Each structure stands twice: as C-alpha cells, then as structure tokens.
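User: I'm new to this and I'd like to learn where the labels come from. Could you show me the model and walk me through them?

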Amino acid sequence: MELGSVKHFLKGKTILVTGATGFLGKIFVEKILRVQPDVKKLYLLLRASNPCSATERMHNEIFGKDLFKVLREKLDGDFGSFISDKVVAVAGDVSSENMGIRDVNLRKAMLEETDIVLHSAACTKFDERLDTAMLTNTIGASNVVNFAKNCTKVEVLLHVSTAYVCGETEGLILEEPFQMGKTLKGFSKLDIEFEKKLVEKKLSELQTQYLKEEMITSMMKNFGLERAKEYGWPNTYVFTKAMGEMLVGHMKENLHVIILRPTIVTSTYKEPFSGWVEGARTIDSFAIAYGKRNLTCFPGNIKEVVDVIPADMVVNAIIVAMVANANQCYDNIYHVGSSVRNPLRYFNLCDYGYKYFTEKPWKDKDGKPIKVGTVSVLDMAGFQRYMFINFLLPLKVLKLLNTIFCQYFQKMYLEFNKKILIVMRLTDLYKPYLFFRGVFDDKNMERLRIAARQGGTEDDFFYFDPKMIDWEDYFTNIHFPGTVKYLFK
C-alpha cells in the first residue's frame, strides 16, 4: 500500500457522489472543495425528478447549510461561481437502473469522466418500511456497482456501510466480507432475489386491500423487522445494508472496491469547525431526551463500550482509503471506530452528560432552566420494573382521575404519556446497541494510518486516529454544545 500527497491525488479528479445530502456526504463534499479546489468536478446524484429540482435541492440541502461557512468565507464573493464551476447536480435515484439519470448526454459524460465513486446514499432509519429500505440500501447498491463498472476510467468505488451489519455479534468483530447468502444464523441461507419478490408480493397484497397509507407503512415496517430477525439482524436498516454489501462483493467483477464500516457517527471533531451535527443519531436522541428531562433511566450495561467516531474522522478515512486503494488489485474492508484503540464506556457518557447539562441546562418554553439528575442504567428486567412502578402505574391512575373529573387533567395526562412514549420508543429501537457486547477490530484501518504517516500524507488535514480524542473534552466542549445548537428545538 503506497500513499503520498492526498491533495496531489485529488487534483484534476472527477468524483461521483451519492448521498450528498446526507450527514457524511455533505462533510465529504465540503472537505474536497476546501482542501483541493483544483478537483476537476463533483457529480452529486440527488433524488429529483428534473435538473431544476436537483439544483434546488443542492443549494438548499447542501450548500445552504452552516457547514459551508468556512469555505464561503474563504472564497468570499466567489463562492457561487466556484460551486457552479466545480459541482454538477444530477437528477436521479440510486434505486433505479442507470441510477435514474435520464439525460443521455449527461450520463455519457459521467461514464467517461468519473475517476472515483463514493456511494454513501442510504436509508438509515432503524424502523423504515422494508420496501423503502431495500430500494435504497440493497437495490441501490447494485445499481451503483453496475454504473461504476461502465465508467471507462474509474479507479475505485468506495461503498459506505455500517459496522453494525454484524448484528448482535459479541467479542472481537473482524473486518471480513459478507459471503453471498450468508446470514447471522448459521442454519439459514439468504436469497436476496426471493426477498425482493416477497416484498413486492407483500406490498401488492396490502395495496389491493385499499388500506390507508399509514396502515400500509406500519405493516411494512413490522414486516421488515420480521424478515430481519428471521436471519439474525436486529432491524431493517442493518438487514438491508448487509444485503447491499453482499451484492457489492458479488457483482464487482474487476471493479476496485472498498467497503467502509463506520460505527456511531457523531459531530465533527475539528473540521471545518468543531461540533457540527445534523440529524439526531443514536446517542443524540438520548442526549436530547436527557437534556429536556424526558429521560431518567435507560436499559443497558453501564460498563460496556459504546463505539463512537466523529464525522470528520470518518470522511478523512474515506478520502485516504480512496487514495490508498485506487487501481489496486485487492479489495479492503475498513472499520472506522474507537472501541479498540480508545474505548468509551456508557458510565463515561453518563458522567459527561450530567456534567454538561448541569453546568449549561437547557431552558424550557418559559425560559426556566431544566434541572437534570443522574441517569440510572438498568438491566432489562430492572428497567421494565422501573418503568411500571414510576411511570406506567401512575399513568393509569392519572387516566382514571382524568376520566372521573371530566378531562380536568387532560393536559397533564398527555404530557406524561408523551414522555413515556419517547422513552419506550428509544428503548425499543436501540436495545440491541445498548446491550451490545462487541468491539470492532481495525487492523486494516491501522495499516492505513501507518501507510499515511509513512507516505507523507497531510495528517494535519486528514487525521483519523481516535487515540487523539480526549472523550471528556470532546463531549463536554464539542459534541453536547453542537447537539444543543443544531438539534435541540
């Protein structure tokens, strides 16, 4: 593995990006344009019906974000012309053949010009409808591979997956590929084509019953969970991402492919500035609930490791992995996380949250500071007892009183019920991760870090070693302030 200047490698390159409106996608686009303005072109595939809609999405959902303020200040009045010169918004959809690109001339130019493909488009909701998740995470992956194989000078395809395709595996989880059809239950075999047809059949059956769309959505979500658990995956998201990985490995032929598996991605560590975050991710959902005093306990093992990694480190790893693996005859899988090199535990996270929200409490709608307490972390049986005694039983009493006194306590009842529903939903969604007992091996990623150091890579720009992070400083001075600024409402 040989590495030199990343900036030099990127100069004059044309990069095709899917998922550019997503959290990592935006940070990748900003990073490339800021550190190597001599990149030739970025093609951003955006879900849109026409070029005008794609361009509008690009400006509203990407370049209109606070994330680009550093680049905007750097370029001053030239920002708009620079974007127009370097970036092309492409109307399409990864779930369609040819990625949904209808403009024949544009598609031809992309196939001739593209040097690098970054596939980061994903449906990341844990409880998404199975048909929706499969279209993006599974079928979308195969469509991107097919498109990349037809690019005449493509050097590498980097497919962003998730470390949690391992399901609830315990112990040291290796950077190994998924074999086609392999499941997390050794006795079962996964037939992706059968699953596609099964989803189509289920959806067709529901639609012929003339059900309301809300009912169809609910039933397709439940169906997704059923199919995922049938093969050992805890939710629809990781199930469909695992199938996507299988298709990428099976279909790539001579295409140079990298699969990158981040763990829980958090706010930016340093660049373009500290603390930028978008969309409430796993731990952010708990931080929001805790800061608003909607969370006093949650189930889990307080001594277990929670694997988090800042988003800018993930993007740096993506870029360096592209450079290292371009035109190589081997494929690599990389875990991007912290659980082996710089482990963070749940009790650390609880302490940091208490410290931050005690010193800088969130204020309610009346401007009064919300006083938080310590959080109890309980095993599942203890959590269920806690919820019944402290919440469900009082809720039943309150409901009875509300009925007796002609809805006099209606507002109080609805607010109390809402808090309980928030906690129960978070618990149900994240239970597999709160009790997760695995750590992610990162030998391949460490080899990449060593190669970067030895090869003269600009490590001040492309840092991705979690050992450099002081977790207490990061959470109390960077992540929680960023969460409050960008996610609290």
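This is a predicted model: local features need pLDDT of at least 70, side-chain atom pairs count only at pLDDT 80 or more; totals for chains, interfaces and linings use all residues.

User: What makes Cys123 buried?

Analyst: Buried means under 20% relative accessible area (exposed is over 50%, partly exposed is in between; 1.4 Å probe, protein chains only). Cys123 has 10%, so it counts as buried. Cys350, at 18%, gets the label too.

User: And what does the side chain of Asn137 reach?

Analyst: The backbone nitrogen of Cys123, at 2.8 Å. For a polar contact, a pair of N or O atoms must be within 3.5 Å; within protein, one has to be able to donate a hydrogen and the other to accept it, and residues adjacent in sequence count only if both atoms are side-chain atoms.

User: Which other residue is found in helix α7, and what does Ser142 touch?

Analyst: Ser142 is also found in helix α7. At 7% relative accessible area, Ser142 is buried. Its contacts include Leu247 and Met251, not counting residues up to four places away in sequence.

User: What does helix α7 lie across?

Analyst: Helix α7 (residues 130-149) lies across β1, β2, β4 and β5, at about 175 degrees to β4. Helices (H or I, at least four residues) and strands (E, at least two) are DSSP runs, numbered from the N terminus. Angles run from 0 to 180 degrees between N-to-C directions, with axes fitted to C-alpha atoms, for helices over the stretch in contact. Helix α2 (residues 23-35) lies across β1, β2, β3, β4 and β5, and runs at about 160 degrees to β2.

User: In what order do the strands of the open sheet come?

Analyst: The 7 strands go β3-β2-β1-β4-β5-β7-β11, with parallel pairing. The edges are β3 (87-92) and β11 (332-336), each pairing on one side only. On average, neighbouring strands are turned by 20 degrees against each other, direction ignored.

User: How many bridges are there between β2 and β3?

Analyst: There are 6 bridges, in the parallel sense, while two strands pair if DSSP finds at least two bridges between them. So β2 (residues 41-47) and β3 pass that test. Then β1 and β2 share 5 bridges, with Val17 opposite Leu44 in β2.

User: What makes strand β7 largely enclosed by the rest of the structure?

Analyst: 6 of the 6 residues of β7 (residues 257-262) are buried, so the strand is largely enclosed. Val257, Ile259 and Arg261 cover one side, and Ile258, Leu260 and Pro262 the other. β7 runs parallel to β5 with 4 bridges and to β11 with 5. Leu260 is the bridge partner of Val160, and Ile258 stands opposite Asn332 in β11.

User: How many aromatic pairs does a search of the whole structure find?

Analyst: It finds 29. Rings of Phe, Tyr and Trp (its six-membered ring) pair if their centres lie within 6.5 Å; planes under 30 degrees apart are stacked, over 60 edge-to-face, and the rest tilted. Tyr231 and Phe239 are 6.0 Å apart centre to centre, with 20 degrees between the planes, and are called stacked. Both Tyr231 and Phe239 are buried. Ring pairs also link a cluster that includes Tyr269, Trp362 and Phe488.

Technical notes. Residues are numbered from 1 along each chain as its sequence is written. Side-chain values use heavy atoms; hydrogens and water are left out. Contact means heavy atoms within 4.5 Å.
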